[in-house]
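Hi everyone, thanks for making time today. I'd like to walk you through one model, so please have a look at it before I start.

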Amino acid sequence: MFGLEALDLARIQFAFTISFHILFPAITIGLASYLAVLEGLWLKTHNDTYRDLYHFWSKIFAVNFGMGVVSGLVMAYQFGTNWSRFSDFAGAVTGPLLTYEVLTAFFLEAGFLGVMLFGWNKVGRKLHFFATVMVAIGTLISTFWILASNSWMQTPQGFEIVNGQVIPTDWFAIIFNPSFPYRLMHMATAAFVATAFFVGSSAAWHLLRGKDNPAIRTMLSMAMWMALIVAPIQAVIGDFHGLNTLEHQPAKIAAIEGHWENKGDEATPLILFGWPDMKEEKTKFAVEIPYLGSLILTHSLDKQVPALKEFAPEDRPNSTIVFWSFRVMVGLGFLMIFTGLWSLWLRKRDSLYTSRPFLYLALWMGPSGLIAILAGWFTTEIGRQPWVVYGLMRTADASSNHSFMQMSITLIMFVVVYFALFGAGLGYMMRLVRKGPKTDEGKETNDGGPGQKRTPARPLSAADDDGAEADHSPSLTKEI
């Protein structure tokens, strides 16, 4: 069917499940740190706006965290079901790294998550803030181990091969492999930027509908400060990451650039747009800027970038896909930087919260960070092909011995179940976003005592309680 084989379906299935999964941890990482900042600011300033925002975003964080755990478990099982030969070959490295993630990050998150979500009335303010910080740190530790494992597959070192299996010889070299620092920083920063635009988009949605209060304004302000500061930093990190990739995975860079051959000693041009044709071995309709490819990728005007024809056809990544996935990521990155700069200009003119053109841009930029993450992930993973462990094991040698029919049935089941389950979860999360943060502005504050309304302790009950207010019980003011 469509010229696909069982291997292709296995790759599509893994790409589908990881595309769903990566969205949830990205928002979880950013929201966890955002919640820690909000609670810290509330404790420092006693400004109830920060407390109201904490209660609002903690519900969304809880739903997102749950969907991330479920989607991650399903994805992890595929290593044994669809990629058993990869697990047999490299399991001595990837297995312990994923185990370290569970033992350090997941246990830390799970241990303090209950206190964070349900302990607002039951523990002192310092302990509750400590629990929130620990959850935030746990998400970053999880990122550390997951990126260590994936980066080792990109730039493997610290091992030897014995009887057809990878045997670790230097765990420090395995974890801190050449691409790991750049990819860790790039992914963590991407999560913060994606969360900033998610939060900013939520605020813009409410402002455009006339819901203007200190909580909504604070959401937009904090989000745009994050965009202004972190989006340019992400571009710099991306540049260093590109230089590292050029050194260790030159075929990936050649595919990203759609660059097929060098001409004499000429510097490499930058192909802005075009259509790389893998069969004809050229990029059609190319729009080029002379010298700029060499300047960006080698930081010189005379050095050349490796070309695709320097690699055997069977060793070339699919340039048609990564050429455009990379440009989607970069294009959105520049648009994020522009949004941050525009917000600064409007802030100085005291019209950040009233400029409807800007608010519409902020609204539509809501999913931009997540789309950029997906585009970057496609670039990274498809650009590594045809290797599952770069230079050591080909993807075709890593899959389990399943039939085309078996892979077709399971892929269809995944698609149906994922869209039904996670579609409902995302819909519920958007309902929470549309409700907006509850505030006590113009209302009498109650302590949530007997017979009085209060925010449900269960995050999944929040959207159904239209009159629920954030629980502001004085018991949180007690010390540990």
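Let's begin with Met116, which lies in helix H3, residues 84-118. When I say helix or strand, I mean DSSP runs numbered from the N terminus: H or I over at least four residues for helices, E over at least two for strands. Before going on, a word on where this comes from: the model is predicted, local features need pLDDT of at least 70, side-chain atom pairs count only at pLDDT 80 or more, and totals for chains, interfaces and linings use all residues. Residues are numbered from 1 along each chain as its sequence is written, and side-chain values use heavy atoms, with hydrogens and water left out.

Is Met116 buried or exposed? Met116 is buried, because its relative accessibility is 3%. For the cut-offs, buried is under 20% relative accessible area, exposed is over 50%, and partly exposed is in between, with a 1.4 Å probe and protein chains only. Setting aside neighbours within four places in sequence, Met116 is in contact with Leu35, Tyr54, Phe61, His128, Ala131, Thr132 and Val135; contact here means heavy atoms within 4.5 Å.

What is Phe86 in contact with, leaving aside its neighbours within four places in sequence? The list is Phe79, Gly91, Thr94, Met153, Val388, Val389, Met393 and Ala398.

**Out to the surface**

Now for a nonpolar patch on the surface: Val70, Ile412, Val416, Val417 and Leu421 together have about 450 Å² of accessible area. Patches are made of residues with over 30% relative accessible area and no salt bridge, joining like charges within 9 Å and nonpolar side chains (Val, Leu, Ile, Met, Phe, Trp, Tyr) within 5 Å. The areas come from the Shrake-Rupley method with a 1.4 Å probe, and for residues only the protein chains shown count as cover.

Helix H13, residues 404-435, supplies the largest share of the patch, four residues. Val70 is found in helix H2, residues 48-81, and counts as partly exposed because its relative accessible area is 39%.

**Charged pairs**

How many salt bridges are there? The count comes to eleven, where a salt bridge is a side-chain nitrogen of Lys or Arg within 4 Å of a carboxyl oxygen of Asp or Glu.

Arg217 pairs with Asp212, and their closest N and O atoms are 2.8 Å apart. Arg217 is partly exposed at 31% relative accessibility, and Asp212 is partly exposed at 40%.

There is also a network of salt bridges linking Asp277, Glu280, Lys282 and Lys284. Within it, Lys284 meets Asp277 at 3.1 Å, N to O, and Glu280 at 3.2 Å, N to O. Asp277 is buried, with a relative accessible area of 15%, whereas Lys284 is partly exposed at 24% and Glu280 is partly exposed at 45%.

**Backbone details**

For those of you who check torsions, the peptide bond from Gln385 to Pro386 is cis, with omega near 10°. Pro386 lies in the loop between helix H12 (368-384) and strand S5 (387-389).

His299 has a positive phi near 60° and is not a glycine. It sits in the loop between helix H9 (292-298) and helix H10 (319-348), and His299 is partly exposed at 47% relative accessibility. Asp350, also not a glycine, has a positive phi of about 60°. Asp350 is in the loop between H10 and helix H11 (356-364), and counts as exposed because its relative accessible area is 68%.

**Confidence**

Last, the pLDDT, which is the predictor's confidence in each residue, from 0 to 100. The mean is 86, and 91% of the residues reach 70 or more. Over residues 441-480 the pLDDT is below 50, and this stretch has 87 contacts in the model beyond near neighbours in sequence.
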